[in-house]
Amino acid sequence: EWPVAGETSVDVRTSVTSVLFDRIGLLYTGDPVREEMTDAAVVVEGGHVAWVGESAGAPAADERVDVGGGCVLPGFVDSHAHLVFAGERSAEFAARMSGRPYTAGGIQSTVAATRAAGDEVLAARTAALVGEMLAQGTTTVEIKSGYGLTVEDERRSLEIASRFTGETTFLGAHVVPRGMAADDYVGLVTGPMLSACAPHARWVDVFCERGAFDGEQAREILTAGVKAGLAPRVHANQLGHGPGVRIACEVGAASADHCTHLTDDDVEALAMSETVATLLPGAEFSTRSPYPEARRLLDAGATVAIATDCNPGSSYTSSMPFCIALAVREMRMTPLEAVRAATRGGARALRRTDVGALTPGSRADLVVLDAPSYVHIAYRPGVPLVRQVWRSGARVA
Ligand code: NIG
Ligand code: FE
């Protein structure tokens with residue numbers, strides 16, 4: 001039983017009229033039965049997809065959008081983002097680019113800035129990032145807490161996140177805050193902090209890593225979250241080998257995220273489970289680290305998602321197109337695999353069936369590209385190819 005995501009409250013106007021998207025040169029449907037179609041059309045009604053088929057046989061609708069031979073795909077599903085924070089860490093990035101390694105320690109400086117910021121500042125900054133995402137084709141986003149690390153700062157981070165998405169994740173277990181003993185903090189996270197945060201969250205997450213939380217602590221935190229009605233997901237195997245991926249699979253987590261350092265057993269566990277391997281190539285780009293081995297996961301039969309990990313420390317990009325380009329160039333995914341991972345894969349990582357595809361009944365989240373094919377997302381990296389974005393049948397960008 002998975003908790004149901006709440007409806008998001010921002011910028012969603014459900015259209016009452018029907019819209020025909022006509023003359024689609026290439027449609028990526030995300031439907032395994034017929035994943036791609038040429039010369040296609042889509043009819044949207046009441047915020048949902050009503051019809052998908054050949055342009056020639058399209059039914060009439062109240063409005064018509066002439067796609068002019070361009071490519072249409074489902075809105076991207078960014079299943080991993082940390083958007084509620086203040087401050088920035090460009091100095092830390094610059095130091096890394098001159099040779100310093102990334103560590104989890106930098107999180108503390110964002111925690112200090114976030115604690116010092118008022119609610120409305122945090123909300124405005126989150127809105128700006130969500131706006132960047134929408135403009136680049138992301139129509140579903142998961143947002144984590146994790147830069148508050150006190151009961152009240154975690155609670156308000158999630159309350160702010162829930163103004164933008166139903167996919168809210170309690171990440172009190174991001175790091176142990178400065179000045180606190182690890183055991184005391186785990187007690188706080190699994191006790192009063194969880195009680196204050198659970199009403200505002202759908203998911204519970206833990207950064208299972210050297211320098212953050214070990215396997216035993218991660219298990220305890222996830223188990224407590226599940227008891228409080230949250231569904232688990234895990235930051236796993238980002239900076240080194242460790243138990244994160246195996247714990248994610250054991251507890252039935254929807255997703256194990258990062259997956260940068262994997263043993264054969266980890267790959268096997270992911271392939272045999274419903275746990276999605278969510279790859280975050282923006283983090284390897286920005287920390288100048290080796291990329292996850294997407295081919296190994298795909299060839300073993302694991303479900304792969306791509307997400308931005310948008311955060312001020314390890315991956316300050318809000319761009320799913322950029323991450324798709326990285327996945328293709330640096331992780332040897334085909335353009336089709338990368339687009340699939342950014343739509344259907346992200347939906348699987350959030351256990352959602354209403355987004356990430358364009359089939360009758362899907363939420364009408366569409367991206368119209370200024371290009372004849374989704375291949376151009378990787379082929380023309382850095383070029384703003386997203387021409388239109390529709391969410392629940394309403395134009396949002
Ligand atoms: O997913 N790995 C843990 N958390 C973030 C980074 C957070 C930060 O450096 O501020 C991540 O990469
Ligand atoms: Fe993350």
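I take helices (H or I, at least four residues) and strands (E, at least two) as DSSP runs, numbered from the N terminus. I number residues from 1 along each chain as its sequence is written, letter chains from A and number ligands from 1 in the order in which they are written. This is a predicted model, where local features need pLDDT of at least 70, side-chain atom pairs count only at pLDDT 80 or more, and totals for chains, interfaces and linings use all residues.

**Entry: confidence**

I looked up the scores before anything else. pLDDT is the predictor's confidence in each residue, from 0 to 100. The chain averages 95, and 96% of the residues score at least 70. I noted ipTM 0.96 and pTM 0.96 for the model. Strand E18 (residues 394-395) has the lowest mean pLDDT among the elements of the chain, at 96. Strand E14 (residues 276-279) has the highest, at 99. Over residues 1-13, pLDDT stays under 50. Where pLDDT is low, the predicted coordinates should not be read in detail.

**Entry: the annotated positions**

**Entry: Tyr-147**

I found Tyr-147 in the loop between strand E8 (143-144) and helix H4 (151-161). Is Tyr-147 buried or exposed? A residue is buried if 20 or more other C-beta atoms lie within 10 Å of its own, exposed if 12 or fewer, and partly exposed in between, with C-beta atoms placed from the backbone. Tyr-147 has 31 C-beta neighbours inside 10 Å, so it counts as buried. For contacts, I ask that the C-beta atoms of two residues, placed from the backbone, lie within 7 Å. Beyond four places in sequence, the contacts of Tyr-147 include Thr-110, Val-111 and Thr-114.

**Entry: helix H2**

I followed those residues to helix H2 (residues 107-116), whose buried residues are Ile-107, Thr-110, Val-111 and Thr-114. They cover an arc of only 105° around the axis, which puts them on the same side of H2. The arc is taken from the directions from the helix axis to the C-beta atoms. The buried residues of H2 pack against helix H3 (119-135) and H4.

**Entry: His-174**

His-174 lies in the loop between strand E9 (168-173) and helix H5 (182-197). I count His-174 as buried because it has 27 C-beta neighbours inside 10 Å. Among the residues it touches beyond four places in sequence are Ile-107 and Phe-207.

**Entry: Asn-311 and Ser-314**

Asn-311 is in the loop between strand E15 (304-306) and helix H11 (320-331). Ser-314 is in the loop between E15 and H11. Asn-311 counts as buried, with 27 C-beta neighbours inside 10 Å. Leaving aside neighbours within four places in sequence, Asn-311 contacts His-82 and Tyr-316.

**Entry: ligand 1**

Which residues come nearest to ligand 1? Of the 13 around it, they are Ile-107, Phe-207, Asn-311, Gly-313 and Ser-314. A residue is near a molecule if its C-beta atom, placed from the backbone, lies within 6 Å of it. The shell has four nonpolar, eight polar and one charged residues. Ala, Val, Leu, Ile, Met, Phe, Trp, Tyr, Cys and Pro count as nonpolar, Asp, Glu, Lys and Arg as charged, and the others, Gly among them, as polar.
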